[in-house]
Structures are given as structure tokens and as C-alpha cells.
Amino acid sequence: MSSWPIEPIPDPDRLFLRVLAQYVVASKVQPGAFRAHVTGTSTEWEKYATPRETRSRAQSKPPSHYGVCFVIAGRVRTIPGLTVEHTPTERNRAHATIFGTLPAPDVDLTTVREVLAAAAPLLIHPNEPVR
Amino acid sequence: MSEFLDIEDEAEEEDTESTFQGLVAPKDWTAPFTEMVMGFRPSDVVILGSQSEPQRDLFLTISDHVDLQDLAFVIGPRSEIPYQPLPQIEAEIARAAASILQLGNDWDGEGAIQPSEETFRRASALARDLAAQIVVEFNGPVLVPTIGPNHDGSVDVYWSTPSVTLLINIPNSSEQPTTFSGRRGTETVAGRVALDERRLGHLAAWLACTR
């Protein structure tokens with residue numbers, strides 16, 4: 001729980017995602033960038049974050065290993081089984097989660113990944129220096 | 001017409017089992033054309049005629065229960081000549097090999113599995129075959145996919161053009177199903193597929209279609 005209020009994320013708003021360099025080919029985000037997450041896929045809502053800030057908050061690897069792409073909240077919601085929720089943490093008010101990417105028999109993860117990859121333009125290429 | 005009749009005549013003289021294996025449909029089979037083709041090797045698909053001129057004689061071998069009015073193709077014998085390598089595809093396979101086969105475990109810092117060489121080999125073979133089929137069997141352009149790794153050790157083969165997308169996921173174990181999903185405008189295709197050549201024709205057709 002955080003002290004930040006949970007707000008509705010409007011359909012037109014962008015959600016930023018870090019993308020590991022291995023998932024970017026010819027400046028295109030590959031479907032591998034999206035995978036089954038038990039706790040949902042973490043993103044950052046543009047209302048409270050910039051792409052650079054999203055990149056800087058990388059934890060598993062240094063920020064220089066990542067680029068940043070975005071998806072439109074409303075586009076994500078059109079994919080059967082997926083929802084978008086504002087899930088702020090104490091240290092990150094922008095945190096939002098795409099739910100529905102659980103590994104489950106009724107979820108066609110290949111379709112989900114294909115649709116998300118096609119709808120995720122790259123904003124920061126992994127080759128760009130971290131500022 | 002005579003050309004196709006010749007094809008059938010020759011086939012009847014050859015080893016029927018090896019040439020026309022799988023041609024006998026269940027008596028109650030009324031599947032649409034796209035499903036019917038899935039059971040055959042892609043190069044077994046021979047353009048026969050338009051929908052307005054179905055060639056009934058050649059279909060009698062397949063099944064009397066298929067609605068010929070819906071068919072524009074007929075299944076015929078295939079050539080065993082392997083496809084010629086496409087330089088563009090080989091370049092992508094080389095790029096992907098240099099990237100994927102040296103990842104090591106935990107390559108994403110979140111426990112990712114190194115895709116096996118066998119998985120990569122299956123993905124590369126699929127990319128080669130499908131791309132070649134588009135060119136050879138459907139007279140289409142060279143469509144170059146990207147080959148990429150996944151967290152779970154599977155490998156993606158991904159076509160993305162302005163008009164069509166197709167993602168095929170090759171699992172890290174050959175015992176798991178290979179799944180695919182694609183879109184062209186409002187049309188979608190998705191499902192599972194066996195990774196032998198005969199079942200890939202419908203995917204090549206999907207990519208090759210330019211309408």
C-alpha cells in the first residue's frame with residue numbers, strides 16, 4: 001500500500017515500459033518484451049513519469065541496458081483479458097500495472113504478445129546514452 | 001487443365017502412399033479449404049482454377065464431401081527439391097544466432113533461460129521454409145522475420161509489415177506446442193501448429209496474401 005491515491009487512467013494516456021536491449025531489433029520492439037508475469041506487467045503512467053525517469057528506475061540491470069516504449073492504456077484494454085490499473089508505490093506514484101498476462105490456460109499469450117508488440121512504439125533506443 | 005490431369009495421372013503411377021499421403025479425407029469431412037490445407041505439405045498445393053471453374057475430376061480422390069464451390073486450389077504432388085536459401089533470411093538468422101546463442105542463463109537479470117541450440121535451429125528452419133514458400137509457392141515477396149529470444153527459453157519468429165503481422169513461438173521443448181498469432185487489418189489467425197513442413201502452408205499463404 002502507498003499513500004498515493006489510486007486514480008483512473010484515461011484510455012488515451014500512455015504507459016511507459018522499459019525494454020531490454022535484446023528485445024529491440026531495428027528500432028522495433030519485439031514480442032519477447034511482453035511475457036507472463038504472475039504479478040502483472042509493470043509500467044509507468046505518463047501523468048507522473050517521463051520516459052527518461054522510467055528508464056532510470058531499472059533495477060534488474062543498469063538503465064543503459066534498456067530502452068523505453070509505450071502502449072496506450074485504451075489499446076491494452078481492448079485486448080481480451082487485459083486490464084490496466086494505477087498501482088502507485090510509495091516510491092513511484094506513476095506505477096501502473098497491466099493485469100491479465102498470467103500464464104493461464106485461457107490466455108492466448110502468443111496473441112497478447114503479438115498485439116502488444118505491434119502497439120508499442122519505441123521512445124528511447126537502448127543504444128542512447130543515459131542522461 | 002490437361003497439365004493438372006497429367007499430374008494426377010503421374011501420381012497414380014507412382015508410390016501413392018509417399019506422393020499422396022494424407023489425401024484421403026474422412027467421409028464426413030466438410031472442413032473449409034483453409035483447414036483442409038493444414039493437413040498437407042505446402043508444396044502440395046497447386047493452383048488449379050478459379051472458384052467459378054472448379055475442377056471436380058481432380059477432387060474425387062480427396063473427398064466427395066468437400067464443397068468444391070469453395071475451392072480455388074487442389075492438392076497435388078510436390079517436388080522434393082529443397083528451397084534455395086534466401087540471402088536476406090540467412091542474414092537475419094546469422095544476426096539472431098550471434099545474439100541469442102551467447103546469452104547465457106539469467107540474461108535479463110530476472111531468471112531468463114538460455115534458448116537451446118535445438119530451439120534456435122527449429123526457429124531458423126521455420127523462418128527459412130516459410131519465407132521460401134512465400135516466394136516459391138505463392139509468388140510473393142521475400143518477407144524477412146526477426147528471430148528473438150524469450151524469458152522462458154523459447155524463440156519467436158516474428159513478421160511485421162505495414163499490412164500483416166505473424167508471430168510464431170517456438171517452445172524450448174519440442175514436446176510443447178508451437179503457437180502462432182497474426183493479424184491483417186481486422187482479420188486474425190491464431191492457433192497451434194506442428195513444425196513439420198506440410199502444416200505450414202496456410203501460414204505462408206497468410207503472409208503472402210497482399211489484399
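The model is predicted. The contact between the chains draws on 23 residues from chain B and 23 residues from chain A, and the area buried between them is about 1,800 Å². The points below begin with this interface, continue with selected residues and elements, and end with the cores and the overall fold of chain B.

**The interface between chain A and chain B**

- Carbon and sulfur atoms give 49% of the area buried between chain B and chain A.
- B:W107, B:Y158 and B:R183 together supply 27% of the area that chain B buries against chain A, which is more than any other three residues.
- Between the two chains there are 3 salt bridges, and 12 residue pairs are in polar contact.
- Strand 3 (146-149), strand 4 (155-160), strand 5 (165-170) and strand 6 (178-184) of chain B each contribute at least two residues to the side of chain B that touches chain A.
- Strand 6 of chain B provides the largest share of that side, with 5 residues.
- Sorted by class, the side of chain B that touches chain A contains 7 nonpolar, 10 polar and 6 charged residues.
- A salt bridge links B:D156 with A:R113, and their closest N and O atoms are 2.7 Å apart.

**Helix 3 of chain A**

- Helix 3 of chain A spans residues 109-118 and is mostly covered, with 7 of its 10 residues buried.
- These buried residues are A:T110, A:V112, A:R113, A:E114, A:V115, A:L116 and A:A117.
- Within chain A, the buried residues of helix 3 pack against strand 3 (28-29), strand 5 (66-72) and helix 2 (73-77).
- In chain B, the buried residues of this helix pack against strand 4, strand 5 and strand 6.

- B:T165 is found in strand 5 of chain B.
- B:T165 has a relative accessible area of 8%, so it counts as buried, the limit being under 20%.
- The side chain of B:T165 makes a polar contact with the side chain of A:E114, at 2.6 Å.
- Beyond its neighbours within four places in sequence, B:T165 is in contact with A:E114, B:W159, B:S160, B:S181, B:G182, B:R183 and B:W206.

- A:Q30 lies in the loop between strand 3 and strand 4 (41-45) of chain A.
- The relative accessible area of A:Q30 is 6%, and therefore this residue is classed as buried.
- The side chain of A:Q30 makes a polar contact with the side chain of B:T146, at 2.4 Å.
- Within chain A, a polar atom of the side chain of A:Q30 lies 3.2 Å from the backbone oxygen of A:K28.
- Setting aside neighbours within four places in sequence, A:Q30 is in contact with A:Y23, A:V24, A:V25, A:A117, B:T146 and B:Y158.

**A:P51 in chain A**

- A:P51 is located in helix 1 (residues 51-56) of chain A.
- The relative accessibility of A:P51 is 22%, so this residue counts as partly exposed.
- A:P51 and A:R18 are 33 residues apart along the chain, and their C-alpha atoms are separated by 8.6 Å.
- When residues up to four places away in sequence are not counted, A:P51 touches A:F16, A:V68, A:L123 and A:I124.

**Nonpolar cores**

- The largest nonpolar core has 62 residues, of which B:L130, B:I147, B:W159, B:L166, B:I168 and B:L207 touch the most other members.
- Helix 6 (residues 117-136) of chain B gives the most to this core, with 7 residues.
- Another core, of 6 residues, lies apart from the largest one and includes A:A49, A:F70, A:A94 and A:I124.
- Beyond its neighbours within four places in sequence, B:I147 has contacts that include B:E92, B:I93, B:F120, B:A127, B:V155 and B:D156.

**The fold of chain B**

- Chain B contains 7 helices and 7 strands.
- Along the sequence, these elements follow the pattern α-α-α-β-α-β-α-α-β-β-β-β-β-α.
- Of the 211 residues of chain B, 46% count as buried.
- Among contacts in chain B between residues at least 6 apart in sequence, 56% join residues at least 24 apart.

Methods
Residues numbered from 1 in each chain as written. Chains lettered and ligands numbered in written order. Predicted model: local features only at pLDDT ≥ 70, side-chain atom pairs only at ≥ 80, totals over all residues. Heavy atoms only, no water. Contact = heavy atoms within 4.5 Å. Buried area = accessible area lost by both parts, 1.4 Å probe. Salt bridge = Lys/Arg side-chain N within 4 Å of Asp/Glu carboxyl O. Polar contact = N/O pair within 3.5 Å; in protein donor to acceptor, adjacent residues only side chain to side chain. Helix = DSSP H or I, 4+ residues; strand = E, 2+ residues; numbered from the N terminus. Nonpolar A, V, L, I, M, F, W, Y, C, P; charged D, E, K, R; others polar. Buried < 20%, exposed > 50% of the residue type's maximum accessible area, 1.4 Å probe, protein only. Core = buried A, V, L, I, M, F, W, Y, C linked by side-chain atoms within 4.5 Å.
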